[in-house]
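Subject: Structure handover

Hello,

Here is the structure I said I would pass on. My notes on it follow below.

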Amino acid sequence: MKKQLIIVAGGKGLRMGGEVPKQFLPVNGKPVLMLTIETFHRFDPEMKIILVLPKEQQAYWNDLCVKYQFRILFLLADGGETRFHSVKNGLALADDDGLIGVHDGVRPFVSQEVIARCFDAASINKAAIPVIDVVETIRKINDEQSETVDRNNYKLVQTPQVFTTSLLKMAYGQEFTPLFTDDASVVEAMGVKVALVEGNRENIKITTPFDMIIAKALANV
């Protein structure tokens, strides 16, 4: 079944404390975003890749592609006001058939096995997302009080989140609501059940300076 991928990279890097957006910071001698694209290209060199970037970052990205001689083909879509609108812009460039994944541009360490599990599960269930167990104790805040909750009832959600393309396009035809925090929540709003598959703990979302320390360590494993 045909595979496509939308990579959303609209972060401004404010939590990094620097001027360069986090997706462009180097890890192991190469911008994070390039590592992410390479990960999926290794999985399927024929996969259609759609990169979503804010307009004001596209010239800088193009310069980086020249500097690093980055030659993997991709289509470029403009970032939107929110993640929802960015994904919707990316979907406008996607073909209507097959499967399509949506992945965070700053998650370069998703494993090949997790990518395969997500696409395989989506081919059967129409919608699949990777999750990992919660290993810390969780407390729920109620006004000025808090209580421990059973962490076995919760999962941490990762990407890629994979769907049949027709389903995801239909889902993104809905009106935006702040309750749409990821693609699964958009699809679930139509009453569609989302299958859960095992993710990999190394599949971190690089957001803070501490994450960069972890990323540099992972890159050298």
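The model is predicted, and every value in these notes is computed from it.

Helix packing

Helix 1 covers residues 32-43 and helix 2 covers residues 55-67. Their axes come within 11 Å and cross at roughly 70 degrees, which makes helix 1 roughly perpendicular to helix 2, since angles of 65 to 115 degrees are classed that way. The handedness of this crossing is right-handed. On the helix 1 side the contact is made by L33, M34 and I37, and on the helix 2 side by W61, L64 and C65. By residue class, that contact has six nonpolar residues, no polar ones and no charged ones.

Helix 1 also packs against helix 4, which runs over residues 112-125. Here the axes come within 10 Å, with a crossing angle of roughly 65 degrees. This crossing is right-handed as well. From helix 1, the residues involved are T39, F40, R42 and F43, and they meet Q112, I115, A116 and F119 of helix 4. The make-up of this contact is five nonpolar, two polar and one charged.

Cysteines

How many disulfides does the structure hold? The count is zero. For reference, a disulfide is a covalent bond between the sulfur atoms of two cysteines.

Backbone geometry

The peptide bond from T159 to P160 is cis, and its omega is near 15 degrees. P160 sits in the loop between strand 10 (155-157) and strand 11 (161-164).

Two residues other than glycine have a positive phi. For N28, phi is near 55 degrees. N28 belongs to the loop that joins strand 2 (26-27) and strand 3 (30-31), and its relative accessibility of 53% puts N28 in the exposed class. For D143, phi is likewise near 55 degrees. D143 is in the loop between strand 8 (138-142) and strand 9 (145-149), and D143 is exposed, with a relative accessible area of 79%.

Loop residues

P108 is located in the loop between strand 6 (99-104) and helix 4. Is P108 buried or exposed? Its relative accessibility is 5%, so P108 counts as buried. Apart from neighbours within four places in sequence, P108 is in contact with V32, L35, T36, T39 and I206. As a distance check, the C-alpha atoms of P108 and V197 are separated by 18 Å, and the two residues are 89 residues apart along the chain.

D95 is in the loop between helix 3 (83-91) and strand 6. At 27% relative accessibility, D95 is partly exposed. What does D95 touch, not counting residues up to four places away in sequence? The partners are K2, Q4, K48, T165 and K169. D95 and E56 are 39 residues apart along the chain, with their C-alpha atoms separated by 26 Å.

The last two residues are in loops on either side of helix 6. L179 falls in the loop between helix 5 (165-171) and helix 6 (183-188), and with 69% relative accessibility L179 counts as exposed. From L179 to T36 the C-alpha to C-alpha distance is 27 Å, for a sequence separation of 143 residues. A relative accessible area of 46% makes A189 partly exposed. Leaving aside neighbours within four places in sequence, A189 is in contact with Q174 and F180. The C-alpha atoms of A189 and L179 are separated by 9.5 Å, and these residues are ten residues apart along the chain.

Regards

Note on methods. Residues are numbered from 1 along each chain as its sequence is written. This is a predicted model: local features need pLDDT of at least 70, side-chain atom pairs count only at pLDDT 80 or more; totals for chains, interfaces and linings use all residues. Side-chain values use heavy atoms; hydrogens and water are left out. A disulfide is a pair of cysteine sulfur atoms within 2.5 Å. Axes are lines fitted to C-alpha atoms, for helices over the stretch in contact, and angles run from 0 to 180 degrees between N-to-C directions. Helices (H or I, at least four residues) and strands (E, at least two) are DSSP runs, numbered from the N terminus. Angles under 35 degrees count as roughly parallel, over 145 as roughly antiparallel, 65 to 115 as roughly perpendicular and the rest as oblique. A crossing is left-handed if the near helix is turned anticlockwise from the far one by less than a right angle, and right-handed if clockwise. Contact means heavy atoms within 4.5 Å. Ala, Val, Leu, Ile, Met, Phe, Trp, Tyr, Cys and Pro count as nonpolar, Asp, Glu, Lys and Arg as charged, and the others, Gly among them, as polar. Buried means under 20% relative accessible area, exposed over 50%, partly exposed in between (1.4 Å probe, protein chains only).
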